[in-house]
Amino acid sequence: MTAGRPVHYDRRFGSVYPLFQLLGYALVPLHGQALTSLHTLTAVFVSLYITFEVLVIAYSLIKPETIFFLSDATGSFADAIQFEIPLAVPLVSFLLSLGKRSLQRRIALLMDRIDKLLEATESVPGGLERFNHRLAGDILTCMLVYNVIPAVSELFIISRIFANIVWYRNWALKIWFFALIRLGDSFFLLHVQYLQNRYRFLNSELEQTVPRQEREVSPATIHRRLVQLKEIQNLLKELTGDVNDRFGWQLFGVITMLFICTTIDGYWMYASLYHDGNLYKVESFLCGISPVLMFFVLFNKCQRCLDEAELTFYHLHSVLNRTLPLKTIQLIESFSKQLHNEKINFSAANFFDLRLSALTTIFASITTYLVIYINFIPKTDTFDDYNKEHNLVNT
């Protein structure tokens, strides 16, 4: 076993965790993994995609006419932003994972500690194993939705624009980095789903603590279990804070990229409806699928985890259905005040929260900037440069 981690619950994530290790997002070894082989494989994969990334950035700066439509300054600037930012985000994500290795190790230890306590507290034998099985399935489903659907959409776009060599080359180069970005987000979502799953487990154990007609629970057992479950809840809250610290700036970069890309894609949708000359109307609308889906999945998964955590408050008060000793009532009151005053939250480096209400504000801002962007576009703008096969500007 790895030193410092006497207990392992590696089956909780299913078979996807090694993928994040190879990409350099998780440098904490699993049970039975040799550090040398892990670091070697990670170094190979990371070196390959970082080298490719640097080469693509250099190529786009040296020969911008091969990737961007240089018909006017505004359009060229929009094309450059929409191309360069997705290239920079995976590099930033890797540097953050490298700089926060100790925090990732702390997160892994906290997960082990939480699972050890849950396994010791579970009222039904095998409960943790069942929740692990459900967690692995949820993670795999989320990864398929978050990664496969956008990738299929992007490949479909590429398959239809091969006649437009500039746009085709642009998409063919950046699609790989969109895939890396989504995998980095998937690693964050893995932690969110773990927290949601463990809060669901915690709530289930609170339900089992409630005395019922078919199940009698002694006051002493209720008090003991509440003490244990409160300790687990404190660890879950601590883990949420560490997850925010680990992924905050990564999320800020991703959401900023999605904001910009969605705004620019929104303009192409508008222009496709406003101008008759666009030969790629379908493709213009398909460009908006990936960022919108990524926005929704990120914020929706965080919201569902927060909703599950808030249910703990209501499950706790259901324990008061019978007469309890004064010390148990005081424990419940203390636990209740803590849940009410110290709610968990996910944020992007404390700039904004990741919940569905914040997503509404973001899309309102996108609409505002889209209106401003449209007003600055020349009214004589046409799709001539985007329809032709080569980016040749007449002088």
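**Exercise 1. Describe how helix α5 packs against α9, whose axes come within 9 Å.**

Solution. The axes of helix α5 (residues 127-160) and α9 come within 9 Å and cross at roughly 170°. Axes here are lines fitted to C-alpha atoms, for helices over the stretch in contact, with angles from 0 to 180 degrees between N-to-C directions. Helices (H or I, at least four residues) and strands (E, at least two) are DSSP runs, numbered from the N terminus. Angles under 35 degrees count as roughly parallel, over 145 as roughly antiparallel, 65 to 115 as roughly perpendicular and the rest as oblique. The helices α5 and α9 are therefore roughly antiparallel to each other.

Next, list the residues. From α5, C142, V145, Y146, I149, P150, S153 and E154 meet I289, S290, L293, M294, V297, L298 and K301 of α9. Contact means heavy atoms within 4.5 Å. By class, this contact of α5 with α9 has 10 nonpolar, 2 polar and 2 charged residues. In that count, Ala, Val, Leu, Ile, Met, Phe, Trp, Tyr, Cys and Pro are nonpolar, Asp, Glu, Lys and Arg are charged, and the others, Gly among them, are polar.

The model is predicted: local features need pLDDT of at least 70, side-chain atom pairs count only at pLDDT 80 or more, and totals for chains, interfaces and linings use all residues. Residues are numbered from 1 along each chain as its sequence is written, and side-chain values use heavy atoms, with hydrogens and water left out.

**Exercise 2. Describe the crossing of α6 and α9 by its distance, angle and handedness.**

Solution. Helix α6 (residues 165-209) and helix α9 (residues 289-317) have axes that come within 9 Å and cross at roughly 20°. That angle makes α6 roughly parallel to α9. The crossing in which α6 passes α9 is left-handed; this term applies if the near helix is turned anticlockwise from the far one by less than a right angle, and right-handed if clockwise. By class, the contact of α6 with α9 has 16 nonpolar, 6 polar and 7 charged residues.

**Exercise 3. State the overall helix content and burial of the protein.**

Solution. The secondary structure comes to 12 helices and 0 strands. Of the 395 residues of the protein, 52% count as buried. Buried means under 20% relative accessible area, exposed over 50%, and partly exposed in between (1.4 Å probe, protein chains only). Among contacts in the protein with a separation of 6 or more, 81% come from residues 24 or more positions apart.

**Exercise 4. Is T262 buried or exposed, and which residues is T262 in contact with?**

Solution. T262 lies in helix α7 (residues 219-274). With a relative accessible area of 10%, T262 is buried. Its contacts, apart from neighbours within four places in sequence, are P291, F295, F363 and I366.

**Exercise 5. Compare A349 and N350 by phi and accessibility.**

Solution. A349 is found in the loop between α10 (326-341) and α11 (356-376), and N350 is placed in the loop between α10 and α11. Phi of A349 is near 55°, a positive value in a residue other than glycine. N350 has a positive phi of about 65° although it is not a glycine. A349 is buried, with a relative accessible area of 18%, whereas N350 is exposed, with 72%.
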